[in-house]
Amino acid sequence: MRFMRSYLWYLIGLVALLVLPQVVSSPYIMFLLNMAIIFVILALGLNVVFGMTGMLNLASLAFSGIGAYTSGILAVKLGLPFPLALIGAVVVAMLFGLMVGLPTIRIGGHYLAFMTIAFGEIMRLIFQNWTPVTGGALGLSGIKYASIGPLVLKTHWSYYHLSLTLLVIMVYVANRIRVSKLGRAFEAVRGSEVAARALGINTYYHKVLAFVLGAAFGGVAGTLYAFLMRYVDPGTFTFEESARVLTMVMVGGRGSIPGVIIGAFLLTFLPEWLRFLKDYYMAMYGLGILLIVLFLPGGVISLWDKVRSRFAAGRRAPAAQTSAGKR
Amino acid sequence: MLLSVNGVSLAYGAAQALFDVSLKVEEGEVVTLLGANGAGKSSILKTVVGMYHPFAGTIEFNGQRIEALPTDRIVPMGLALVPEDRGVFPGLTVFENLQMGTVSWRRRGMKIDADLDKVFALFPRLKERQNQLAWSLSGGEQQMLATARGIMSRPKLLMLDEPSIGLAPLLVSQVFKTISEIQKTGTSILLVEQNARMALNVATRAYVLETGKIALEGSPKELLQNEKVKNAYLGA
């Protein structure tokens with residue numbers, strides 16, 4: 001019952017996203033929709049690492065950068081088509097996740113956050129300076145239009161269907177992780193590491209695994225980005241953007257997959273909606289986020305829970321707060 | 001002999017926490033470990049379950065040496081620790097929390113219904129609340145959940161770290177009643193407590209720990225009459 005209901009909401013969201021390109025006429029808005037999807041995938045990855053497992057990773061963009069450069073290089077230098085470049089990017093991103101995760105996660109806590117910042121900076125410098133491979137400061141250009149078989153995706157509209165397909169897959173994967181034994185173990189590690197260990201859960205293994213899975217989401221997002229822009233610029237993969245992904249997770253609702261999706265869309269489009277404020281728009285944007293974090297610590301999605309529990313309380317006795325519903 | 005700790009010494013960096021500690025738990029016993037804050041009670045439990053490794057001494061569980069093993073190898077042997085802060089997983093439902101208790105033994109396709117019936121018989125409250133997220137439980141219910149989750153791991157020895165802490169008096173006696181009931185199901189218990197009087201009432205044997213050393217050992221009767229114990233722990 002619970003799953004039927006949540007899948008219903010996903011279905012409604014999907015229909016809305018399918019109808020949207022029919023009414024959008026501006027290529028720029030289509031571009032933003034593609035970007036929003038890329039950010040949703042990144043935020044879903046961070047949600048596995050931070051939202052479910054409780055590790056603060058401030059290098060989301062480094063992993064998407066690895067994905068973007070890997071797929072870009074595979075496409076430009078080896079002439080691989082999109083699907084193969086995607087697989088390559090995901091594998092390489094996961095390898096980097098493993099490489100960074102194995103030593104840093106043992107340290108844990110706030111140190112992990114600092115280590116990820118350092119890793120992000122190192123990766124940015126590598127992207128910028130390893131000219132023979134990454135194209136250096138000029139970036140990596142010459143990526144051909146993404147094509148699936150005979151289908152060449154030349155416009156933002158056609159590309160959007162590729163993005164949307166990958167979004168559906170990644171939302172499905174994120175949901176599978178959450179409801180699986182693995183997801184429960186992640187949630188347990190976040191809830192109480194001591195208790196999780198005391199039950200015989202290998203917390204180190206699960207944390208590294210969460211980190212590697214999060215990196216895979218980065219690989220997918222990076223590949224989508226590289227083929228959307230058909231150019232990879234080292235200036236894209238900054239700490240500021242990683243912080244933005246974190247804000248998406250927090251504003252949407254840490255740990256909640258629908259919340260994270262809403263957060264990523266909201267924070268991609270909010271700056272556009274605020275553009276009429278001219279010079280003040282960034283200040284308003286910051287203020288808005290501040291208000292959400294202050295008054296809705298559970299994120300925008302918690303608003304829904306509040307409304308629902310009030311509604312339920314009005315109809316029935318204000319009994320137990322069953323967030324999970326009947327099994 | 002279910003558990004025997006022999007001459008264990010433990011240090012956190014340069015600070016030594018346990019000095020030559022020896023204790024044992026026989027099958028079917030409820031052994032309680034008394035002592036002031038910082039005496040090293042929790043350190044002993046965490047060392048037994050492999051979260052810390054002693055620099056001297058041995059630990060045997062069910063005839064096997066375990067002092068060098070990691071926690072995830074020890075727990076499947078039948079040892080469970082219910083930690084001091086209860087450590088329920090707030091983002092999981094009561095049911096999911098209980099499921100987490102089974103990770104040490106459960107393989108694909110194995111049923112847990114009998115285990116659930118057992119803990120729900122001990123804690124009917126949890127059955128009512130099984131679909132509720134754990135953070136929404138009261139302190140007493142969280143203690144029930146943490147204990148139940150420990151039982152779900154099918155332990156031969158259940159170690160409880162201050163199960164009565166922070167609970168209202170009525171709930172405290174409930175906790176100790178449950179401990180006796182768990183003992184009746186054939187599970188041995190190693191109980192760390194500050195509430196000495198209650199602990200000695202349910203225990204079959206007791207140890208008193210002072211600054212990392214075992215200071216006293218005996219039957220609850222002996223300790224209840226011991227002048228030192230009376231003054232220091234019973235407030236008489």
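**How the helices and chains are described**

Modeller: In this predicted model, α11(A) passes α12(A) in a right-handed crossing.

Colleague: What makes α11(A) oblique to α12(A)?

Modeller: The axes of α11 of chain A, residues 239-252, and α12 of chain A, residues 257-273, cross at roughly 125° and come within 7 Å. Angles of 65 to 115 degrees count as roughly perpendicular and those over 145 as roughly antiparallel, while the rest, apart from those under 35, are oblique; α11(A) is therefore oblique to α12(A).

Colleague: Why is chain A called as compact as a globular protein of its length?

Modeller: The secondary structure of chain A comes to 14 helices and 4 strands. For its 327 residues the globule rule gives 20 Å, and the radius of gyration of chain A is 20 Å, close to that value, so chain A is as compact as a globular protein of that length. Along its principal axes, the C-alpha trace of chain A spans about 65 × 50 × 45 Å.

Colleague: How many residues of chain A are in contact with chain B, and what supplies the largest share of that side of chain A?

Modeller: The contact joins 23 residues of chain A to 28 residues of chain B, where a pair qualifies if the C-beta atoms lie within 7 Å. On the side of chain A that touches chain B, α8 (181-191) and α9 (193-198) each supply at least two residues, and α8(A) has the largest share, 5 residues. That side of chain A divides into 8 nonpolar, 9 polar and 6 charged residues.

Colleague: What are the domains of chain B, and what gives the most to the side of domain 1 that touches domain 2?

Modeller: The domain assignment of chain B gives domain 1 as 3-78 + 155-234 and domain 2 as 92-154, with their C-alpha centres 23 Å apart. Their contact takes 14 residues from domain 1 of chain B and 11 from domain 2 of chain B. On the domain 1 side, α7(B) gives the most, with 5 residues, and the residues of that side divide into 10 nonpolar, 3 polar and 1 charged.

Key: Residues are numbered from 1 along each chain as its sequence is written. Chains are lettered from A and ligands numbered from 1 in the order in which they are written. This is a predicted model: local features need pLDDT of at least 70, side-chain atom pairs count only at pLDDT 80 or more; totals for chains, interfaces and linings use all residues. Domain bounds come from an automatic or database domain assignment. Two residues are in contact if their C-beta atoms, placed from the backbone, lie within 7 Å. Ala, Val, Leu, Ile, Met, Phe, Trp, Tyr, Cys and Pro count as nonpolar, Asp, Glu, Lys and Arg as charged, and the others, Gly among them, as polar. Axes are lines fitted to C-alpha atoms, for helices over the stretch in contact, and angles run from 0 to 180 degrees between N-to-C directions. A crossing is left-handed if the near helix is turned anticlockwise from the far one by less than a right angle, and right-handed if clockwise. The radius of gyration is taken over C-alpha atoms; the globule rule is 2.2 Å times the number of residues to the power 0.38.
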